[in-house]
Number of protein chains: 2
Amino acid sequence: MRVAILAIGNEVLCGKIINTNSAFIAREIEKLGAKVVHHQVVADSENDIVKGLDYAYTYADLVLTIGGLGPTLDDLTRHGVAKYFDESLVFDEKIYQGIHDYFVRVKKEMPRNNERQAYRLKDGVVIPNPNGTAPGLFFKVDNREIFLLPGPPNELKPMVFEYVLTYLVDQIGQPQISRSYRLYGIGESFAEEKLMVLYKKYPMLNIAPYCSISYVDYVVTTSQKYEEQLMTFEEQFLAIFSDHYGGDQSTKLNEEIIRLLGKKGLTLSTVESCTGGLLASELVNVVGASSVFLEGMITYSNESKIKRLGVNQAVIAEHGAVSEQTAKQMSQSLQSLTETDVAIAITGIAGPKGGTKLKPVGLTYISVTIGDKTLVKSYIFNGNREKIRERATTQALFLLYCEIK
Amino acid sequence: MRVAILAIGNEVLCGKIINTNSAFIAREIEKLGAKVVHHQVVADSENDIVKGLDYAYTYADLVLTIGGLGPTLDDLTRHGVAKYFDESLVFDEKIYQGIHDYFVRVKKEMPRNNERQAYRLKDGVVIPNPNGTAPGLFFKVDNREIFLLPGPPNELKPMVFEYVLTYLVDQIGQPQISRSYRLYGIGESFAEEKLMVLYKKYPMLNIAPYCSISYVDYVVTTSQKYEEQLMTFEEQFLAIFSDHYGGDQSTKLNEEIIRLLGKKGLTLSTVESCTGGLLASELVNVVGASSVFLEGMITYSNESKIKRLGVNQAVIAEHGAVSEQTAKQMSQSLQSLTETDVAIAITGIAGPKGGTKLKPVGLTYISVTIGDKTLVKSYIFNGNREKIRERATTQALFLLYCEIK
């Protein structure tokens, strides 16, 4: 099965939007063992869409279009595809109703424009879009198959997982087997060095690292017949990275933390300095966080650390706001103030200014108090202000996760 | 001048590398007023490169290839381009010396493979690469022009700035003029409806909307001779969207807020419920925030609203935690507790549960207290939990910005 991707939109073409959708789709498709053979981006123009489709089918059996399904006049994918396949567009009462209901749900008047989205290819199969107004569409004629997908990633991704990949698995039979491992607190270079021996030992496994700002993912794929080797590999891999492993790619630390604490009936509070609310925000993003996470504080100024939280002024004066001692007092004071079971504190230097030789930019202390025990760890994160804050937040989640597990 | 981009490489094709290069190049080129009309990604295959070039020239006069200039056997761009143009490849002693010197400089032995990079199209012009071993190349025959650029962004970018853009400016002369406007608190469909009359009135302007989760950008471009029309358009545009306009595309609300408050010598505190620290985090991300932003609170539970902040228990009992009255008390209590000049409070229902007919998911109150005045506004944001929280945060920044301006 050969797949081509055709993204449609002036915004992608002029570079305003980076085409992450094509990369996402390609990654998911390749995991199944199908081949992505061509990507294209064309303008919001009916002619260019027709031309692009014509060309894409010289490469592939299946074309996935991305974008151009919106309500405005420059959303022309439906029209271009209809013209290419010489199919008519018909008004679909059910789609219309769905769009109408969407606007009722969000309590807004439905603009006339959105009626455009209720048209579909006559013999097309409609793919529901729970996250927006533009439904997707599947169409097949002879050997040419096509999925029309919306541009916004949160609308596109569920359709890819639920419809495109399912369709492909049906078409190509047995997928490859695959395992993923997410590592925290270790850089790609160091991880790769430690892995050298396993790379050599398991040539039948495709071991691929994917680097992110605050973690490294390893995705290992192979064919079914090497399942045993994959399992031995996994054992050795996890032994090497036991201090860094936080679950597979789909594990979300914030969700795990809320789930684990909920199960144990424990409550949580946070206090942050340099991360300024990022940690709390990650926790609040979990549905149902309110039964576990009670409150947070952002004690950005020294005065707020002392007044609001009750950190000893002398400790800050002697050791500094960014110190093991202050971090420890922060989580301990927070715990007693909020009467929560678990309290976590972060204090660090996010930069670009404020660093010294002894305390460089990126230095961060994270303190976790559970019951009557407190653990403080120190880190030096690199990157700009934003990255340091993100890395500190992820590391805090990882430390918290490890401590409550 | 019409430009097409042809990225070459299996790693981009399979989604392992996100094609940020194409977006970068397109952005830079469009600034000059040239048009990027097509993007493609093809495999590391001589045939696919030839086919891709053939197709790209049906769109464009100038093709930029990215990648495939490395030293390994699957780097085939030079060969593909030579075959397409029916040109021979010749060994270039000077390039060879450059690669050799590079390895001396980085104190490494030069692998035999890198000799491959010393070949160039017979009539091609070599573009030096100070950051790597693969030189770029420019070639022109009849009306077809081509730049061969390396894949690593740190090697590609200097070449684009120093050679590609300079070449384009020479070709197209005077660049276009452009203005941008960022609108908050209005959806694309509604904005488009309001703009219809201006679209008709100013056919000489290219008016393009770019939608984001929590704002809509309008970028208007035209040639120098329509400057006067652009200025009249701008007047009318800003009159229509006076309640939504928050500056041009490069304006960052968080930076503006910190800058404005800093200038006026005012201090700020925040209290959040549904956004859970996102607002504070945006403010803390601004370098130098500490002189303005003193502290934040995340009063997620009702108890914390009452105990920590001093909101009246009866107000919550009567009107609910998500209500105008509670929001107002939150910002007022916060102001007096923290002794800051400005205090802002957010309380809302982020969903997916917790909504009622009267108070649906997305309902959010934002309250700003400045001095002895308090303004409370209510909104209904749509989207999933994450989007509602992001939209509420952006709207809070916008409201705060408008109030302190």
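Colleague: Is A:E339 buried or exposed?
Modeller: In this predicted model, local features need pLDDT of at least 70, side-chain atom pairs count only at pLDDT 80 or more, and totals for chains, interfaces and linings use all residues. A residue is buried if 20 or more other C-beta atoms lie within 10 Å of its own, exposed if 12 or fewer, and partly exposed in between, with C-beta atoms placed from the backbone. Because A:E339 has 12 C-beta neighbours inside 10 Å, A:E339 counts as exposed.

Colleague: Where does A:E339 lie in chain A?
Modeller: Helices (H or I, at least four residues) and strands (E, at least two) are DSSP runs, numbered from the N terminus, while residues are numbered from 1 along each chain as its sequence is written, and chains are lettered from A and ligands numbered from 1 in the order in which they are written. A:E339, which is not a glycine, has a positive phi near 55°, and its place is the loop between helix 13 (324-338) and strand 14 of chain A.

Colleague: What is the phi of A:D142?
Modeller: A:D142 lies in the loop between strand 7 (136-141) and strand 8 (144-149) of chain A. A:D142 is exposed, because 5 other C-beta atoms lie within 10 Å. Although A:D142 is not a glycine, its phi is positive, at about 50°.
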